[in-house]
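Dear colleague,

I am passing on the structure shown below, and after it you will find a description of what came out of looking through it. Please read the two side by side.

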Amino acid sequence: MADRDGFIWYDGKLVPWREANTHVLTHSLHYGLAVFEGVRAYKTHLGTSIFRLKEHTDRLFNSAHIYQMPIPYSREQVMEAQKEVVRANKLESCYLRPIAFYGSEKMGVSPKGATVHVAIAGWEWGAYLGADGLEKGIRIKTASYARHHVNVTMPRAKLASTYANSILANMEATDAGYDEALLLDTDGFVAEGAGENVFIVKDGVIYEPEIASALIGITRATVHALAADLGLKVVTRRLTRDDVYIADEAFFSGTAAEITPIRELDGRKIGAGSRGPVTAKVQQAYFDLVAGRNEKYAHWLTRV
Ligand code: PMP
């Protein structure tokens, strides 16, 4: 990733990609306190536009607030910087990665006294779980690792160290030949994917787990809006892994994963074992929306 042409916004300036470096004694590298976002920009008929820029930027600031990390820029500056990154790298569609982290002024658990840095990179990134997965659905595996308990870490924050748990689960699943992991909470109920929220469909109704220990996904909120438009009900309740086994359909939602159908969990085929009709409708509506083909949500697209 480091050896590329282009520019990264780093502490207020666009710097050449290869020069966007930090010291090895960066506090966040040692103790894991960095907050970040995953944002996508799409090509639309009005030009390249960032999807739900405000919501992602708000979540970045909320993550920082939860961890008492003072971001030395305003939300407006960080939003403008994300637009600048897309323009400077001449990207038609891309993934954006804003990150705020502590510098190298000190060691020890407390970050007090370390400078907060902000960087934003952007690059082309296709289907996170594969183009084939978007069409045919993916195979997932329940992780042996539980998702964080709410008193272990703060699930509302998109925090770097939280992802060590996602990495363990994802590696376990992919080493076993699956595409992604499904994590349960510490009570054994379905929480989320390693980097996605999860939904199931049963008898025409969409169900999603209570998200106590999951990230509040922005794509998830988009699914809620689109489901309502399609006349589909979304019910939030505790879900067990066997609720997923006997569902008619299942899908993941996420900025990177977009709407990815799930065709199998733990070796059990879900429904017909392919992208189901409800998932297909939600997925089509999502891709129409992000490509600017749904006037109702034009305000969720920010032209760069
Ligand atoms: N859960 C986790 C753990 C994630 O990493 C993500 C991706 N940010 C999501 C859910 C989905 O969130 P969003 O739709 O905002 O990308």
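The domain bounds used here come from an automatic or database domain assignment. For this chain, in what is a predicted model, that assignment gives domain 1 (7-123) and domain 2 (131-290), and the C-alpha centres of domain 1 and domain 2 lie 26 Å apart.

Where the two domains meet, 21 residues of domain 1 are in contact with 11 residues of domain 2. On the side of domain 1 that touches domain 2, β3 (34-36), β4 (39-42) and α2 each supply at least two residues, and the largest share, six residues, comes from α2. By class, that side of domain 1 has 10 nonpolar, six polar and five charged residues.

Helix α2 (residues 53-66) also meets helix α3 (residues 75-88): their axes come within 10 Å and cross at roughly 125°. The two helices are therefore oblique to each other, and α2 passes α3 in a right-handed crossing. Leu 53, Lys 54, Thr 57, Asp 58, Leu 60 and Phe 61 of α2 make this contact with Arg 75, Val 78, Met 79 and Gln 82 of α3, a set with five nonpolar, two polar and three charged residues.

Turning to the ligand, there are 15 residues around it, of which Leu 215, Gly 217, Ile 218, Thr 219 and Thr 255 come nearest. The elements that give two or more residues to this shell are α6 (218-229) and β14 (249-254), with α6 giving the most, three residues. The shell around the ligand is made up of three nonpolar, nine polar and three charged residues.

With best wishes

How values were computed:
Residues are numbered from 1 along each chain as its sequence is written. This is a predicted model: local features need pLDDT of at least 70, side-chain atom pairs count only at pLDDT 80 or more; totals for chains, interfaces and linings use all residues. A residue is near a molecule or strand if its C-beta atom, placed from the backbone, lies within 6 Å of it. Helices (H or I, at least four residues) and strands (E, at least two) are DSSP runs, numbered from the N terminus. Ala, Val, Leu, Ile, Met, Phe, Trp, Tyr, Cys and Pro count as nonpolar, Asp, Glu, Lys and Arg as charged, and the others, Gly among them, as polar. Axes are lines fitted to C-alpha atoms, for helices over the stretch in contact, and angles run from 0 to 180 degrees between N-to-C directions. Angles under 35 degrees count as roughly parallel, over 145 as roughly antiparallel, 65 to 115 as roughly perpendicular and the rest as oblique. A crossing is left-handed if the near helix is turned anticlockwise from the far one by less than a right angle, and right-handed if clockwise. Two residues are in contact if their C-beta atoms, placed from the backbone, lie within 7 Å.
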